[in-house]
Amino acid sequence: MTYDTVVFDNDGVLVGRTRYDVLERATEETFKRFDVDDPDPEDVEAMTIGATPKTVGDVCSRYGISPKDFWPERDKALTEAQRDEVREGRKTLYDDLDTLHDLDVNMGIVSSNQQATVDFVLDHFGVRDLFGTAYGREPTIQSLERRKPNSHYIDRALADLDADTALFVGDNESDIRAAENAGIDSAFIRRPHRESWELNVWPTWDIDDLSDLHDICE
């Protein structure tokens, strides 16, 4: 099989993941912006990872906060925290990203992280020109419904890149399911945090390094 297009997840694939405690502190800061200084830890956790429109509504109702006001501030706070991690050298590109410079395919990015975070990473490290398109989430509650495994952003990226035969590279099972929902092949990359991960999905490819894409695509 050969591919003319490869789309990548961002965090855990091209750039290192952000530590949970960094994201958690940013969520706590969001509550403080709404004069909630001691939120329930379970509510902080719910707003840090895996939030849905329903959980945002439920949590905000407990504190008398408008969900439409809270969520953009939450995304803004997490973007600010991740920018600091990048600036301080704690969130960096994986070394093997350099191997993509001579990969002869169209390339794009689809992330469930914020669009502002994705844009900052690309610009800070000077790698935007590698990718013909890059999607993250808009700072809206509705964007939560479009996260992977929903193929919404992958579909948009494939259209941008005029893809014929495409591959999606990710480090989460939701990435593999999103590729399936988009009707394209997938590659699961075994970064250090996924070396011994037992999958409950079946990617087309199981790779150790981005350089493996040269054999797969060419």
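Does Phe 31 count as buried or exposed, and at what relative accessibility? In this predicted model, Phe 31 has a relative accessibility of 1%, and because the cut-off for buried is under 20%, Phe 31 counts as buried. Its ring and that of Tyr 63 have centres 5.5 Å apart and planes at 65°, so the pair is edge-to-face. Since Phe 31 belongs to helix H1 and Tyr 63 to helix H3, the pair ties together parts that are 32 residues apart in sequence. Tyr 63, for its part, is partly exposed, with a relative accessible area of 24%, and one aromatic cluster is formed by Phe 31, Phe 34, Tyr 63 and Phe 70.

Helix H3 itself, which spans residues 53-63, has Val 56, Val 59 and Cys 60 buried. Viewed down the axis of H3, the buried residues fall within an arc of 95°, so they line one face of the helix, while Lys 54, Ser 61 and Arg 62 are exposed on the other side. The buried residues of H3 pack against helices H1 (20-33), H2 (41-48) and H4 (67-87). After H3 comes Gly 64, with a positive phi near 65°.

The largest pocket holds about 760 Å³ of space and is lined by 27 residues, with Ile 49, Gly 50, Ser 112, Asn 113 and Asn 172 lying nearest its centre. Two or more lining residues come from each of H1, H4, strand S2 (106-114) and helix H7 (173-182). Sorted by class, the lining of the largest pocket comprises seven nonpolar, ten polar and ten charged residues.

How values were computed. Residues numbered from 1 in each chain as written. Predicted model: local features only at pLDDT ≥ 70, side-chain atom pairs only at ≥ 80, totals over all residues. Heavy atoms only, no water. Buried < 20%, exposed > 50% of the residue type's maximum accessible area, 1.4 Å probe, protein only. Helix = DSSP H or I, 4+ residues; strand = E, 2+ residues; numbered from the N terminus. Arc of directions from axis to C-beta. Contact = heavy atoms within 4.5 Å. 1 Å grid on protein atoms, 1.4 Å probe; cavity = no way out; pocket = protein on both sides within 12 Å on 5 of 7 lines; lining within 4 Å. Points joined across faces, edges and corners; volume = space filled by probe spheres on them. Nonpolar A, V, L, I, M, F, W, Y, C, P; charged D, E, K, R; others polar. Phe/Tyr/Trp six-rings, centres within 6.5 Å; stacked < 30°, edge-to-face > 60°.
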